[in-house]
Amino acid sequence: MNCKYCNSTHVQKDGNYKGYQRYKCMECNKRFNGEKYENNFIIHFKTKIKKSDRNTLTRENYCIPKKELDYSEKHNIKEAMEFIKTHKRPPLLCPKCYYEIPNKYFEDTEHYTDEFVESHYKRCMENFDLNMAFFSKLDNEKFNKCLDKFIDKYKFIEIDDLEKVNGCNGVYILVLDKYKQVYIGVSYSSKGIKNRILQHWSKKKEFGRLLNGDVETSILSIDSFGALDTTRIFYKPLDWSYGMYEYEEKLVSSFKADYRLNRVAGGINDEENSTIRNMKLLSSIQERKLKK
Ligand SMILES: [Zn+2]
């Protein structure tokens, strides 16, 4: 954008006026209209979120094939390689594919093979369809009864404004009414529950992590859903942090499995040792019998 008066490129956005984006020139200080103003935000739970084609989950936006590895996968490979260099032996419990590259998954330390991308995409879509079929068979009334009972028993509070949980710690429940599913999470960082929820809404599950186990048992990740898929939010403030994850585990396991998206049983995030954490994660994978 150039200034309409002095042609300088040194201009800044300055709000909008009568349907047009306003600019202010930093050279001559004059203001002028630019392109038609587009509202790039939607309001959800009284909070501004970026408008995008991923605000609701669809079959089209669920799985975008990608050759490049995500950050954590690159990191795993790097760690395994370094371990071998310094210890002259393979790392404990680490699959071979992380240090004997290339192999059928990894073309090099930063890319999947074409073969993997293609077959993984097919598996993800098959799993997506199985999950959708599973949701459609669930009974709306039974789901609501189950949720009401839970909310009542553990004294959760419903909110219609995310600001209410800004900086607040505790347990939260995201309800995805269309799918008859909930997600139960905890926050005890200084950023609080609002921040955790915004993360779920903005995050896109990495291509390589869409499946958590087998095609026929993997539950869709909460991070694959869009902000607008969350239709109700409940929370329970907790001002203690010790034992919060055990409490999360207790809550997750007492919610009927058919109705929850949690992929692991909870109670894991406080494990600092990454090897033990990974083992705990693997041993607590929640499986869903999608094919009957
Ligand atoms: Zn100017």
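Predicted model: local features only at pLDDT ≥ 70, side-chain atom pairs only at ≥ 80, totals over all residues.
Domain bounds here come from an automatic or database domain assignment.

Figure 1. Residues are numbered from 1 along each chain as its sequence is written. Domain 1 covers 11-39 and domain 2 covers 139-283. Their centres, taken over C-alpha atoms, are 42 Å apart.

**Figure 2. A look at the open sheet of 3 strands.** The strand order is β1-β2-β3, with antiparallel pairing (two strands pair if DSSP finds at least two bridges between them). β1 (11-17) and β3 (31-36) sit at the edges with a single partner strand each, so one side of each has no neighbour in the sheet. On average, neighbouring strands of this sheet are turned by 35° against each other, direction ignored (axes are lines fitted to C-alpha atoms, and angles between N-to-C directions run from 0 to 180 degrees). Zoom in on β1 and β2 (residues 20-25), and you'll see an antiparallel pair with 5 bridges. Lys13 has Tyr23 in β2 as its bridge partner.

**Figure 3. The hairpin of β4 and β5.** Strand β4 (residues 41-44) runs antiparallel to strand β5 (residues 47-50), and 4 bridges join them. Across the pair, Ile42 stands opposite Ile49 in β5. The hairpin has 2 residues between its strands, and Phe45 in the turn has a positive phi of about 50°.

**Figure 4. The buried side of helix α5.** Helix α5 (residues 192-202) has Ile193, Lys194, Ile197, His200 and Trp201 buried (buried means 20 or more other C-beta atoms within 10 Å of the residue's own, with C-beta atoms placed from the backbone). These residues cover an arc of only 125° around the axis, so they end up on the same side of α5; the arc is that of the directions from the helix axis to the C-beta atoms. Their packing partners are β5, β9 (170-176), β10 (181-187) and β11 (232-237). Contact here means that the C-beta atoms of two residues, placed from the backbone, lie within 7 Å. For the protein as a whole, 27% of the 292 residues count as buried.

Terms used
Buried ≥ 20, exposed ≤ 12 C-beta atoms within 10 Å, placed from the backbone.
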